[in-house]
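Reader: I have a new model open and would like to learn how to read it feature by feature. Could you take me through it?

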Amino acid sequence: MKSQWSDIEADAFAARYAAEGVNRDVALRVYTTRLLGADSRLVLHGGGNTSVKTAIPDLLGEPVDVLCVKGSGWDMGRIEPAGLPAVRLAPLLKLRRLERLSDEDMVNFQRGNLLDATAPNPSVETLLHAFLPHKFIDHTHSTAVLSLTDQPDGEALCRDVYGARMGYVPYIMPGFQLAKKAAEVFERDPSVEGLILVKHGIFTFGATAREAYERMAAMVTLAEERLKRNRKPAFVPAALPERPAGVADIAPLVRGLLAEDRGDGAWRRWVLDFRGGAAVRAYVDGRDLARYSQRGVVTPDHTIRTKNWPVILPAPEAGRLEEWRNAARAAVDSYVARYHAYFARNNAAATPAKTELDPLPRVVLVPGVGLFGVGASKKDAAIAADIALNTAETIADAEAVGTFQPLPEADLFDMEYWSLEQAKLGKGGEKPFARQVVVVTGGGSGIGAATAKAFAAQGAEVAVLDRDPASAAATARECGPAALGLACDVTDPRAVREVFDAVCAAFGGIDVVVSNAGAAWQGVVGEVDDSVLRESFELNFFAHQTVARNAVRVMMAQGTGGCLLFNTSKQALNPGKAFGPYGLPKAATLFLMKQYALDHGRDGIRANAVNADRIRSGLLTDAMIASRSKARGLTEKDYMGGNLLGREVFAEDVADAFLWLARASKTTACTVTVDGGNIEASLR
Ligand code: ZN
């Protein structure tokens with residue numbers, strides 16, 4: 001690990017934050033915390049923490065000695081001064097006199113001594129930072145250090161590398177007892193530059209931000225150098241099928257196996273995040289995967305995100321997926337049984353008794369293919385996958401120099417069921433479309449864009465398809481960081497298949513498809529050239545069929561039902577003069593919707609349509625509105641509101657109807673009219 005310290009950058013941080021009234025100590029604390037947080041081999045997703053002891057004036061302007069320590073919920077890579085809440089130091093130090101202190105009392109006491117009562121909870125490792133005397137303290141879960149300590153003789157290996165330069169703290173769960181033990185170890189030899197927390201991580205400290213940080217770099221480098229010596233091949237490859245199945249083929253099957261049937265068409269689904277790089281493949285393709293992958297997490301706080309061990313599915317072979325699904329189901333069932341047994345075994349000794357968490361895996365290993373992170377959202381799935389990848393790398397090095405052996409099960413159970421760790425996870429209810437993947441075609445503008453944004457706002461993972469890649473990407477950006485924008489010409493069946501595969505690889509599958517892409521062709525029906533009609537049928541009928549067929553294929557693989565939504569049009573019911581080339585395929589699409597409802601109702605797949613009219617969009621441009629209202633002697637406002645209610649209809653109104661139809665679990669073969677009232681286009 002190379003030190004990234006730069007005097008110029010450090011001064012720039014100090015100057016930038018000075019302008020916001022933040023002192024130099026805290027500014028430099030932000031600077032090196034970000035340096036550490038930027039390296040996934042040091043910390044991942046909320047792991048690790050740092051602190052600085054400084055003086056901050058209170059409201060009266062009197063300086064108060066404080067510990068600014070990482071707050072929960074903040075990532076080191078993106079830390080700001082607000083992520084380093086200031087806690088009065090003197091009261092924290094007094095706590096050391098106590099014999100014991102419950103986690104809840106500790107958290108409450110720390111909160112009670114915050115300078116800013118609205119700040120986030122200080123880290124659960126706050127007291128460890130407080131009890132050590134150094135001004136700057138850095139803590140990471142360096143993979144190189146973990147590869148050395150996660151061994152049967154991990155402490156001896158570390159002593160061999162660091163000698164008396166580091167102190168060695170036996171494993172204790174983070175909190176008051178660990179803080180006291182770490183201080184004792186330090187006081188036995190105050191010349192140490194840091195502490196190795198066996199099977200957990202590493203602390204370094206110093207008088208300056210630079211010293212603490214560069215000691216971390218030096219210690220991690222020593223571990224890395226040790227890992228380069230006396231290596232044996234870590235992962236011996238297993239025999240695998242010659243033609244492994246693809247990610248897009250197995251992802252919906254995996255997603256289906258993990259989904260829980262809540263009855264009446266409701267499912268508790270999961271979102272997946274796939275990884276298949278060389279490091280992952282070496283790990284999952286290893287002959288001894290069942291040994292080294294099942295021993296436990298590399299550092300205890302990962303258990304909150306990944307559970308203690310992943311599920312291993314069989315290696316899938318192309319063309320034999322039905323057999324594979326059955327074997328994979330058996331593997332998931334036995335994982336669940338093992339989890340129940342693990343809970344019962346460890347809960348028997350727990351006081352107070354714990355409530356069992358859901359027993360499903362958060363990491364799925366598939367030899368020959370790669371691994372999936374599993375989460376309630378794409379973000380959570382990606383966190384699980386990041387940790388799994390980091391685990392694969394840590395275990396590779398551990399196995400290359402010895403045998404991977406992390407903490408025993410009982411310690412991991414204490415961590416998984418620790419009330420403070422549970423508090424870090426998302427609280428409260430989920431949005432209505434959380435855990436669902438929604439695809440919107442023609443999503444770059446107009447109704448499609450409004451619909452994609454409406455689903456995203458209700459918690460869905462969204463894939464925006466559009467012929468124009470820039471507008472697909474623009475809508476996706478508005479939908480949120482996890483949304484996908486993909487270029488797709490829906491009249492090209494191969495392109496549609498590729499894009500659906502990409503969505504399955506990105507999220508694990510598809511639950512709702514809004515088939516919205518369309519365009520208007522005109523012509524008097526007795527005179528119009530066949531080529532115009534055929535062209536319109538390609539987009540306004542066949543493309544809907546291609547999209548729906550691909551959606552059904554994925555939904556059937558998942559086995560958890562789904563919802564097809566079509567944008568038909570007023571033209572499907574009420575032909576407009578010289579609009580045959582547009583209305584005829586739209587009428588066929590309305591019937592297509594009914595056919596899907598009829599043929600796939602038994603599969604739990606619903607099909608519905610929205611019949612909208614006169615919406616400002618690519619189909620009805622500003623120029624068209626101007627010329628049509630002029631031709632009718634109306635103002636634009638009167639033209640757009642020329643319906644029974646006299647109200648203009650917007651893309652967002654149509655999006656609302658799609659949203660409702662996607663939630664209406666007892667509704668299929670239904671056309672909802674969103675046109676302000678048009679008696680000729682009304683259904684009944
Ligand atoms: Zn830690």
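Reader: Let us start with D39 and R41: what do their side chains form?

Author: A salt bridge here is a side-chain nitrogen of Lys or Arg within 4 Å of a carboxyl oxygen of Asp or Glu. The side chains of D39 and R41 meet in one, with 3.3 Å from N to O. Before we go on, this is a predicted model, where local features need pLDDT of at least 70 and side-chain atom pairs count only at pLDDT 80 or more, while totals for chains, interfaces and linings use all residues. Residues are numbered from 1 along each chain as its sequence is written, and side-chain values use heavy atoms, with hydrogens and water left out.

Reader: Is D39 buried or exposed?

Author: Buried means under 20% relative accessible area, exposed means over 50%, and partly exposed lies in between, with a 1.4 Å probe and protein chains only. D39 counts as buried because its relative accessibility is 16%. R41, at 42%, is partly exposed.

Reader: Which residue does R275 form a salt bridge with?

Author: Its partner is D386, and the closest N and O atoms are 2.7 Å apart. R275 lies in strand β10 and D386 in helix α15 (residues 378-401), so this pair ties together parts that are 111 residues apart in sequence. Helices (H or I, at least four residues) and strands (E, at least two) are DSSP runs, numbered from the N terminus. R275 counts as buried at 18% relative accessibility, and D386 is partly exposed at 22%.

Reader: How many salt bridges does a search of the whole structure find?

Author: The search finds 38. Among the residues involved, R165, E193, E211 and R215 are linked in a network of salt bridges. R616 also forms a salt bridge with E648, where the closest N and O atoms are 3.5 Å apart. That pair links distant parts of the chain, with R616 in the loop between β19 and α23 and E648 in the loop between α24 (636-640) and α25, 32 residues apart.

Reader: Now to strands. Which strands pair with β13?

Author: Two strands pair if DSSP finds at least two bridges between them. Strand β10 (residues 271-275) pairs with β13 in the antiparallel sense over 5 bridges, and L272 stands opposite V374 in β13. Strand β12 (residues 363-366) also pairs with β13 in the antiparallel sense, over 4 bridges; there V366 stands opposite G370. The hairpin of β12 and β13 has 3 residues between the strands, and G368 takes a positive phi near 85° in it.

Reader: How many residues of β13 are buried?

Author: Strand β13 (residues 370-375) is mostly covered, with 6 of its 6 residues buried.

Reader: What should I look for in the backbone angles?

Author: Most residues other than glycine have a negative phi, and most peptide bonds are trans. In this chain, R614 has a positive phi near 55° and is found in the loop between β19 (605-612) and α23 (622-631). A669, which is not a glycine either, has a positive phi of about 65°; its place is the loop between α25 (651-663) and β20. The peptide bond from T351 to P352 is cis, with omega near -10°, and P352 sits in the loop between α14 (321-347) and β12.

Reader: Which residues coordinate the zinc ion?

Author: Donors are N, O and S atoms within 2.8 Å of the metal (3.2 Å for Na, K and Ca); water is not among the atoms, so sites may look incomplete. Here H139, H141 and H200 each coordinate the zinc ion through NE2, at 2.1 to 2.3 Å. H139 lies in strand β4 (residues 136-140) and H200 in the loop between β6 (194-197) and β7 (201-206), so the pair ties together parts that are 61 residues apart in sequence. Both H139 and H200 are buried.

Reader: And how is the chain divided into domains?

Author: Domain bounds come from an automatic or database domain assignment. The division gives domain 1 (7-227), domain 2 (247-423), domain 3 (437-613 + 650-673) and domain 4 (621-648). The centres of domain 3 and domain 4, taken over C-alpha atoms, are separated by 27 Å.
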